[in-house]
Amino acid sequence: MITDFEFRKQIMDFHVGSDLIKYCYQCSRCADNCPVTKVTTDFYGTTGYNPRGNILQALLGYKDMIFSADDLVIWGCTVCDTCDEVCPQNIELTEIFTLLKNMSIEQGRGPEFIYSQAKAIFENAKAIPSQPAIERRREQLGLPAVAAPDVNELQTLLKNIGADKKLK
Amino acid sequence: MTEYKLFEGCTIGNRIPFIEAASRKVFEKVGIETSQAPFTCCPDPTGMKSFDNNSWLAIGARNLCLAEAEGKDILSLCNGCANTLRGVQHQLKHDSLKKQKINEQLAKIGKEFKGTINVKHFVDELKDNLDKVRGAITKPLSGLKVAVHPGCHYMRPAEWMEADDPMRPENLKKIVAESGATVVDYEEMVLCCGSAVTNAYEEHGLANFKIKMDSIKNSGADVICVNCPACFQQFDTRQRDLGKKYETDYDIPVLYLTELLSLAMGVSPDEIGLKFHRTRMKSQLEKLGL
């Protein structure tokens, strides 16, 4: 295991509402309450999705352990925010896992559905594009048509940020 | 009463519009006024946010700008949209550097995020108008046993959702109780439906979903009541896959909160397109005499 100091600095400097990650004392309440840990981990916790392990390795700068293993290490998170609520140190775990997922995407990794959704949003400004059959159904139900979003404006925004280059 | 900008979201607007139909009926009966705006995807707090947090912030902030331009608060029909729009607002209001960077991008398309409006989930709006909800009930759903599933993003993270107790939510139960139905408690009420993880790892997602469904089945519930389209789809479309995989018969129909209220307010099942559900609820409707 090699400490990647650049990665460690990114983690340490990262904060949304707080910088409390530094105060993690590895109590494991996050893993004990994680629904995905429950269905993927064996008795000893050596396999499967482990939020406590992710926080520890991120703090130590063990980038290889997080990114070279199975994608499940990062993408097993179902974003239920339960860990955020049970953490006695108020660490925003889900925001840190979001950062790890963003880094995974920068490496061109991650599940297919994330890319297909991002592509749909880039092309249609909606994660689920409008379809004639559904438009007819809306009419039958007496609903007004969905107000059409400005796709060009959204594409300009994403191109300026550079998000279009991350699409597959 | 103030008029809201209705944020129906991609899933309800472009895939399961019958939920929007039921919601509009309930808003009409309760006296909640809404109007449309050309919103884009919120975007998804489990998908786009995981793809790129900056893009998520920028697109979310642009949607907030559209409502700010009219000076109206947003009313969301979806947990995910409410979570994103409140989350974006939270991040930008608590980090001036981040706000400055996003505003530099927004300036190029002639917009500026100010943070002047509020984003409200429709469950909170109904809870704040509980008297009016009660007053609009004409056909109480007596005898119907309901297991409620508030979902994750309606109340978590509590820091910025500020909706309900994050681990012991009560609001959905209170509103369902007004319909005359009986709320049944079950152990796994706050467990995630697993929608996001099922998209990436179906095997693990279904294993989690089994825990949820077994708990609901044990409670003896006739229907499941939800307030999120992602959860709705997980319950409505993946119950059959789950039943096949584990050779168990679940077959518990799912109702959106506004569908359940519509029925209790005397709206016919046909008007709100209940037939478009995958899970069938014929026997439950017969039980209610509908």
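How many Å separate the centres of domain 1 and domain 2 of chain B, taken over C-alpha atoms?

**Figure 1. The two domains of chain B in the predicted model.** In this predicted model, chain B is divided into domain 1, residues 3–122, and domain 2, residues 138–287. The centres of domain 1 and domain 2 of chain B, taken over C-alpha atoms, are separated by 24 Å. The mean pLDDT of chain B is 96, with 100% of its residues reaching 70 or more, and the model scores ipTM 0.96 and pTM 0.96.

**Figure 2. Where domain 1 of chain B touches domain 2 of chain B.** Here 23 residues of domain 1 of chain B are in contact with 23 residues of domain 2 of chain B. On the domain 1 side, the elements that give two or more residues are helix H1 (9–14), helix H2 (18–30) and helix H5 (79–93) of chain B. The largest share of this side, eight residues, comes from H2(B). Sorted by class, the side of domain 1 of chain B that touches domain 2 of chain B has 10 nonpolar, 10 polar and three charged residues.

**Figure 3. The open sheet E2-E1-E3-E4 of chain B.** Four strands of chain B form this open sheet in the order E2-E1-E3-E4, with parallel pairing. Strand E2 (33–35) and strand E4 (119–121) of chain B stand at the edges with a single partner strand each, so one side of each is left without a neighbour in the sheet. From one strand to the next, the twist averages 40°. Strand E3 (residues 74–76) of chain B runs parallel to E4(B) and is joined to E4(B) by three bridges, and B:Leu75 has B:Lys120 in E4(B) as its bridge partner. Helix H5(B) lies across strand E1 (3–7), E3 and E4 of chain B, and runs at about 150° to E4(B).

**Figure 4. The open sheet E6-E5-E7-E8 of chain B.** This open sheet of four strands has the order E6-E5-E7-E8 in chain B, and its pairing is parallel. At the edges stand strand E6 (182–183) and strand E8 (254–256) of chain B, each with a single partner strand, so one side of each has no neighbour in the sheet. Strand E5 (residues 145–149) of chain B pairs with E6(B) in the parallel sense over two bridges, and B:Val146 stands opposite B:Val183 in E6(B). Helix H14 (residues 257–264) of chain B lies across strand E7 (223–226) and E8 of chain B, running at about 85° to E8(B).

**Figure 5. The crossing of helices H12 and H13 of chain B.** The axes of helix H12 (residues 202–218) and helix H13 (residues 229–246) of chain B come within 10 Å and cross at roughly 100°, which means that H12(B) is roughly perpendicular to H13(B). From H12(B), the contact is made by B:Leu206, B:Phe209, B:Lys210 and B:Met213, while the residues from H13(B) include B:Gln234, B:Arg238, B:Leu242 and B:Tyr246. The residues of this contact divide into five nonpolar, two polar and four charged.

**Figure 6. The contact between chain B and chain A.** This contact takes 55 residues from chain B and 54 residues from chain A. Among the elements that each supply at least two residues of the chain B side are H1, H2, helix H3 (48–51), helix H4 (53–70) and H12 of chain B. The largest share of the side of chain B that touches chain A, six residues, comes from H4(B). The residues of this side divide into 27 nonpolar, 19 polar and nine charged.

Conventions:
Residues are numbered from 1 along each chain as its sequence is written. Chains are lettered from A and ligands numbered from 1 in the order in which they are written. This is a predicted model: local features need pLDDT of at least 70, side-chain atom pairs count only at pLDDT 80 or more; totals for chains, interfaces and linings use all residues. Axes are lines fitted to C-alpha atoms, for helices over the stretch in contact, and angles run from 0 to 180 degrees between N-to-C directions. Angles under 35 degrees count as roughly parallel, over 145 as roughly antiparallel, 65 to 115 as roughly perpendicular and the rest as oblique. Two residues are in contact if their C-beta atoms, placed from the backbone, lie within 7 Å. Ala, Val, Leu, Ile, Met, Phe, Trp, Tyr, Cys and Pro count as nonpolar, Asp, Glu, Lys and Arg as charged, and the others, Gly among them, as polar. Domain bounds come from an automatic or database domain assignment. pLDDT is the predictor's confidence in each residue, from 0 to 100. Two strands pair if DSSP finds at least two bridges between them.
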